[in-house]
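Colleague: Could you walk me through this one? I'd like to hear what backs up each label you use.

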Amino acid sequence: MSRKLPAGLIVWLLLTLACGGDDPAPTASVTAASSDTTTATAGAEPGPESGAVDTTGEAPTQPAEESPTDTAPAGTGTTAAASTNADAPTNADESTTETTAGPTSNEESPPETTAGPTTTAYSGPVSPVTGLPVEDVNLLDRKLVAVKMDNHWNAQPQSGIEKADAVYELVVEGGLTRFIALFHNSDSDWLGPMRSARPTDWTLVRPLEGVLLISGGQPWITRKITRNDVPLIGDLGPPLTARWNERRAPHNLYVNTYEARRVVAERGYGRKAPPTLFNRGDLSGPEGATASYIFFDWSDEVDVVWRWDGTRYLRSSEGEPHLWRSRDGNETGQIEADVLIVLMAERYTDCPTGDGSCVPAWNTVGENRAIVFGQGRFSEGRWRRESAGEWFRITDPRGNPITVPPGRLWIMIYPETAELVW
């Protein structure tokens with residue numbers, strides 16, 4: 001039994017059929033059910049957080065609101081339904097963050113593919129993250145800075161996220177999502193709100209050779225991150241971080257990534273750049289594989305729609321445009337991305353062996369379903385990796401790498417139990 005679509009989406013579908021609108025009706029869906037869910041209070045603040053992190057022994061500040069308040073993770077808020085991904089990997093040991101690769105499904109021969117819109121051929125250096133040209137080659141020979149960001153309603157609109165080269169999105173407690181904004185050849189002097197770490201974060205930052213900036217985190221989580229060779233930088237105060245008086249804690253901590261690079265250099269974290277993430281090229285897919293409207297049912301608390309406007313995808317949340325704004329409010333805009341990458345993942349609960357609270361986590365090692373959206377089209381396949389130190393390999397049903405158009409990325413670690421319609 002899949003969760004009912006929002007009333008707004010149903011009205012839109014009826015109007016489209018009646019009026020012959022430009023956006024095609026959703027043509028595909030993925031639904032599944034989680035056996036590891038806990039009822040969450042609507043609008044609940046996610047989650048257990050404790051203290052800021054500073055691996056050099058300095059004492060960064062952290063508001064009292066970051067102390068753990070929950071003793072068990074909230075569920076993802078999905079309703080029961082039949083899974084179309086029966087061969088997804090499982091993890092019997094919920095105290096670990098890695099799984100072995102699951103079995104490969106028996107795929108039927110895919111239909112013939114057709115090329116999508118043609119991308120522009122670039123000459124000269126390009127970003128390993130976005131595939132876009134970079135005028136200053138010095139920006140390529142440096143470490144990636146990843147910043148954990150808040151996506152609570154009281155944290156919107158965010159600032160600085162529009163300048164990120166790529167963004168991860170994944171569910172935390174209460175069915176809400178948080179972001180990890182990735183800055184390699186880009187920067188922001190006012191980025192936030194910044195929030196605390198979760199166990200899955202290191203599995204996403206480590207293959208990028210990055211450093212992770214967080215507001216804090218439970219000690220057992222931060223130890224897990226640093227033991228897996230991901231450097232952490234916490235709330236050190238000005239000039240790196242600052243509290244914004246126009247918002248209430250914990251949704252008011254902002255960071256300057258230019259200053260973060262100074263801290264990276266002072267601590268000797270190195271300059272190793274991230275690897276090239278994907279084979280770049282036009283996105284191909286089955287005949288008529290268009291995707292101009294994509295509905296993400298993250299949980300009972302969060303519904304997101306991305307619309308293709310002919311150039312890029314624009315994000316809306318709960319029926320309203322999801323906006324970003326500058327610090328002074330003079331600049332605003334709708335959050336956008338050129339390419340959306342959905343990596344289906346299995347949810348489990350990660351718990352400490354001693355003091356601390358359990359939190360949701362995601363299996364990002366093994367294999368599962370993947371969908372790439374770009375150029376108003378889509379391509380389906382599988383993601384695979386054997387360890388959290390590797391980057392994701394995304395292949396089509398024949399096992400060939402899916403080419404990804406150049407552009408700003410939005411990468412979603414999406415519940416395999418949640419509904420996805422396009």
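Modeller: Happy to. The protein chain exposes about 17200 Å², and carbon and sulfur atoms supply 49% of it. Those areas come from the Shrake-Rupley method with a 1.4 Å probe, and for residues only the protein chains shown count as cover. This is a predicted model, where local features need pLDDT of at least 70, side-chain atom pairs count only at pLDDT 80 or more, and totals for chains, interfaces and linings use all residues. Residues are numbered from 1 along each chain as its sequence is written, and side-chain values use heavy atoms, with hydrogens and water left out.

Colleague: What makes up the secondary structure of the protein chain?

Modeller: Four helices and 25 strands. Both are DSSP runs numbered from the N terminus: helices are H or I with at least four residues, strands are E with at least two.

Colleague: Why is Thr 364 called buried?

Modeller: Buried means under 20% relative accessible area, exposed means over 50%, and partly exposed is in between (1.4 Å probe, protein chains only). Thr 364 has 1% relative accessibility, so it counts as buried. It is found in the loop between strands E20 and E21. Leaving aside neighbours within four places in sequence, Thr 364 is in contact (heavy atoms within 4.5 Å) with residues including Thr 200, Leu 204, Trp 383 and Ile 413. Across the 422 residues of the protein chain, 56% count as buried.

Colleague: How do you know that Cys 351 and Cys 358 form a disulfide?

Modeller: A disulfide is a pair of cysteine sulfur atoms within 2.5 Å. The sulfur atoms of Cys 351 and Cys 358 are 2.0 Å apart, and they form a disulfide. The structure holds one disulfide.

Colleague: And what makes that disulfide right-handed?

Modeller: The torsion about the S-S bond of Cys 351 and Cys 358 is about 115°, so the disulfide is right-handed.

Colleague: Are its two ends buried or partly exposed?

Modeller: One of each. Cys 351 has a relative accessible area of 27%, so it is partly exposed, while Cys 358 is at 17% and counts as buried.

Colleague: Why is the pair of Trp 190 and Tyr 254 called stacked?

Modeller: Rings of Phe, Tyr and Trp (its six-membered ring) pair if their centres lie within 6.5 Å; planes under 30 degrees apart count as stacked, over 60 as edge-to-face and the rest as tilted. Trp 190 and Tyr 254 have ring centres 4.4 Å apart and planes at 5°, so the pair is stacked. Trp 190 sits in the loop between strand E5 and helix H2, Tyr 254 is in strand E9, and the two are 64 residues apart. Trp 190 is buried at 8%, and Tyr 254 is buried at 1%.

Colleague: Then what makes Phe 373 and Trp 422 edge-to-face?

Modeller: The centres of those rings are 5.3 Å apart and the planes of Phe 373 and Trp 422 are at 80°, so this pair is edge-to-face. Phe 373 lies in strand E21 and Trp 422 in the segment after strand E25, so the pair ties together parts that are 49 residues apart in sequence. Phe 373 and Trp 422 are both buried. The count comes to 14 aromatic pairs, and Phe 278, Trp 383, Trp 391 and Phe 392 form one aromatic cluster.

Colleague: What makes a group of residues a nonpolar core?

Modeller: A nonpolar core is a set of buried Ala, Val, Leu, Ile, Met, Phe, Trp, Tyr and Cys residues joined through side-chain atoms within 4.5 Å. The largest one here has 90 residues, and Phe 296, Trp 306 and Phe 373 are among those with the most contacts inside it. Strand E18 gives the most to this core, with seven residues.

Colleague: How do you know that E11 and E12 pair?

Modeller: Two strands pair if DSSP finds at least two bridges between them. Five bridges join E11 to E12, and these strands run antiparallel. Phe 295 stands opposite Val 305 in E12. E11 and E12 form a hairpin with five residues between them.

Colleague: Why is strand E12 called mostly covered?

Modeller: Five of the six residues of E12 are buried. E12 also pairs with E13 over five bridges in the antiparallel sense. In the hairpin of E12 and E13, Gly 310 takes a positive phi near 100°.
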